[in-house]
Amino acid sequence: MSKHSEYAASAAERWINCPPSAKLQEQYEDKGSVYAEQGTDAHALAEWKLRKALGIDVEPDPRPRLSYYDEDMEAHTDDYAAFIMELLAEARKTCEDPLVMVEQRVDYSRWVDGGFGTADAILVSDGKMTIIDLKYGTGVEVSAEHNPQTCCYALGALDILDDLYAIDTITMIIFQPR
């Protein structure tokens with residue numbers, strides 16, 4: 001199975017506004033960029049820190065393997081993990097057993113043929129679901145309001161969780177520390 005969907009949530013803004021782009025992108029090699037690699041490193045470190053904070057089994061410390069690790073990344077990923085732990089602490093005030101899902105693969109193909117992606121973090125408690133998406137880039141602010149990527153994640157998460165948790169409120173957060 002492919003690691004990336006033709007209708008990836010991360011590209012939803014593009015394929016929603018220009019549907020043919022989903023097929024057209026197949027003919028171009030994804031060359032990546034330094035910025036994408038830096039974001040990948042930040043996500044790996046953020047995931048590791050959040051799993052560690054939650055007491056979930058973690059892989060060895062990824063820092064020695066990160067090409068773009070620096071003091072800023074250390075601080076920003078600390079802030080990310082702390083932010084989610086604060087959301088969890090708040091949820092525990094009204095819910096005995098909130099659920100946090102880290103780097104959760106979600107499938108929204110019920111709405112978008114072949115659509116799936118990976119949500120950075122999902123928090124569920126007493127009828128509420130929060131989607132948190134880490135954006136490590138600089139220069140372009142990403143809004144959570146009507147954000148196609150987090151909407152796709154929310155649809156996929158609802159498909160997994162709604163029958164178990166009777167979700168009636170969804171909050172989507174973009175955590176963009178820089």
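Analyst: **The cysteines and the core**

Cys151 has a relative accessibility of 31%, so it counts as partly exposed. On this scale, buried means under 20% relative accessible area, exposed means over 50%, and partly exposed covers the range in between (1.4 Å probe, protein chains only). Cys152 falls in another class: its relative accessibility is 5%, so it is buried.

Before going on, please keep in mind that this is a predicted model, in which local features need pLDDT of at least 70 and side-chain atom pairs count only at pLDDT 80 or more, while totals for chains, interfaces and linings use all residues. Residues are numbered from 1 along each chain as its sequence is written, and side-chain values use heavy atoms, with hydrogens and water left out.

Cys151 is in no disulfide, the nearest cysteine sulfur being that of Cys152, 7.2 Å away. Seen from Cys152, the closest cysteine sulfur is in Cys151, and the 7.2 Å between them is too far for a bond.

Now for the wider view. The protein chain has five helices and four strands, in the order α-α-α-α-β-β-β-α-β from the N terminus on. These are DSSP runs numbered from the N terminus: H or I, at least four residues, for a helix, and E, at least two, for a strand. Of the chain's 178 residues, 39% count as buried.

Nonpolar side chains tend to be buried together in soluble globular proteins. A nonpolar core, as used here, is a set of buried Ala, Val, Leu, Ile, Met, Phe, Trp, Tyr and Cys residues joined through side-chain atoms within 4.5 Å. The largest one has 17 residues, and those with the most contacts inside it are Ile122, Val124, Met129, Ile131, Tyr153, Ala157 and Leu161. Strand 1 (99-107), strand 2, strand 3 and helix 5 (148-165) each give two or more residues to this core, with helix 5 giving the most, five residues. Apart from it lies another core of 14 residues, including Val100, Val102, Leu123 and Phe175.

Leaving out residues up to four places away in sequence, Ile131 touches Ala121, Ile122, Thr150, Tyr153, Ala154, Ala157, Thr171, Met172 and Ile173, where contact means heavy atoms within 4.5 Å.

Thr130 lies in strand 3 (residues 128-134) and is buried, with a relative accessible area of 13%. Beyond residues up to four places away in sequence, Thr130 touches Leu87, Ala121, Ile122, Leu123, Thr171 and Ile173. Thr130 is also one of the residues lining the second largest pocket, along with others including Leu87, Glu90, Lys128 and Ile173.

Further along, Lys135 sits in the loop between strand 3 and helix 5. Its relative accessible area is 18%, so it is buried. Lys135 and Ile174 are 39 residues apart in sequence, yet their C-alpha atoms are 6.8 Å apart in space. Neighbours within four places aside, Lys135 is in contact with Val142, Gln149, Ile174, Phe175, Gln176 and Pro177.

Gly137 belongs to the loop between strand 3 and helix 5 too, and at 38% relative accessibility it counts as partly exposed. Not counting residues up to four places away in sequence, Gly137 touches Gln176 and Arg178.

Ala166 is exposed, with a relative accessible area of 53%, and has a positive phi of about 45 degrees although it is not a glycine.

Terms used:
1 Å grid on protein atoms, 1.4 Å probe; cavity = no way out; pocket = protein on both sides within 12 Å on 5 of 7 lines; lining within 4 Å. Disulfide = S-S within 2.5 Å.
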